[in-house]
Amino acid sequence: MHYCYCQLQEDLKRLSEQYSGFQVRSIGNSCLGSPLYMFKLGEGRKQIFFSGAMHANESVTTKMLMLFAERVLGWPSDADRKIPFFRKATLWIVPMVNPDGVELVCHGLEAIAPEWRETVLEINEQDTCFDTWKANIRGIDLNDQFPAFWEEEVARRGAVRPGPANYPGYEPLSEPESVALAEFTLEQEFDRAIAWHSQGEEIYWGYREFEPPESKRLAKKMARASGYTAIRNVDSDAGYKDWFLMRFGKPAFTIECGLGVNPLPAEDAPDIMEKCWGILSMGH
């Protein structure tokens, strides 16, 4: 079973009812009008941002982030392990950037409005299995949407029309999901950002030498904490991490968590969280 948008909504509602300090708001809406939920953990000086499920078939990252949030919220307020974390950092979390795509992968055509079904089927070449779908509902890859050498990414991908994956769109930030993420990031000016993806157990930390010296140190620390492999550069542009490094010059990472073939089942999320715990709780 895969973790879907409806389950996210249920979990956010339950946590809001269970913990009085847990507040949820939207940073924008998807193509189909679904709110892009955000919540905070902690109240420290260091401002850290996590995002999950930018790709439709990677919702295991959302489940992992929600399990992390529930564990942290459940700690007693005076717990020795809770106090240092919350004093050092504030975590801003958008657990599911691509709700429309996630619902398509999880539930198929029945999960989306009837007027979109013919278009989606055409994009997917009439295949009713959407396991390889990474894009938003319009067939645009949200992690190829950011203004960081976007034109070079377009040339590299060679995609000329919407598809289930790897089409960067007709211009940077053409999609409401990528716009919401960029505007929210510009508004908050985070000290560090991690875009959680799946799969591969790798940490990407550099981009065209825009990364600060601190990035290498943090990547090594994350690798030691998780057993993941730290990799400076990959042959790609226009990703959220790339844009964050280029725009702010502050540490940013793409972390490919878990192993297997996407979409990884929600049942993998607890093990992924345990393996990534040292990264998730690294509030300094």
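Which residue in S2 is the bridge partner of Asn29? In S2, Asn29 is bridged to Pro35. The structure is a predicted model, in which local features need pLDDT of at least 70 and side-chain atom pairs count only at pLDDT 80 or more, while totals for chains, interfaces and linings use all residues. Residues are numbered from 1 along each chain as its sequence is written, and side-chain values use heavy atoms, with hydrogens and water left out.

Helices (H or I, at least four residues) and strands (E, at least two) are DSSP runs, numbered from the N terminus. Two strands are said to pair if DSSP finds at least two bridges between them. Strand S1 (residues 24-29) and strand S2 (residues 35-42) pair in the antiparallel sense through four bridges. Five residues separate S1 from S2 in this hairpin, and Gly33 in the turn has a positive phi of about 90°.

Contact means heavy atoms within 4.5 Å.

Burial was assigned from relative accessible area: buried means under 20%, exposed over 50%, and partly exposed in between (1.4 Å probe, protein chains only). Helix H9 (residues 240-248) is largely enclosed by the rest of the structure, because seven of its nine residues are buried. These are Tyr240, Lys241, Asp242, Trp243, Phe244, Leu245 and Phe248. Among the elements that they pack against are helix H7 (176-188) and helix H8 (213-226). Gly249, which follows H9, has a positive phi near 65°.

H7 has 13 residues and reaches 18 Å from its first C-alpha to its last, close to the 18 Å expected at 1.5 Å a residue; the expected span is 1.5 Å times one less than the number of residues. Its buried residues are Glu177, Ser178, Ala180, Leu181, Ala182, Phe184 and Thr185. The elements covering them include S1, S2, S3, strand S4 (89-94), helix H4 (99-107) and H9. Glu189 follows H7 and has a positive phi near 50°.

Ser174 lies in the loop between helix H6 (150-157) and H7, and counts as buried because its relative accessibility is 13%. Apart from neighbours within four places in sequence, Ser174 is in contact with Arg138, Ile140 and Gln145. Glu122, in helix H5 (residues 114-123), is by contrast exposed, with a relative accessible area of 54%.

A disulfide is taken as a pair of cysteine sulfur atoms within 2.5 Å, and the count by this rule is zero. The sulfur of Cys6 is 4.9 Å from the closest cysteine sulfur, in Cys4, too far for a bond. For Cys31, the closest cysteine sulfur is in Cys106, at 17 Å, also too far for a bond.
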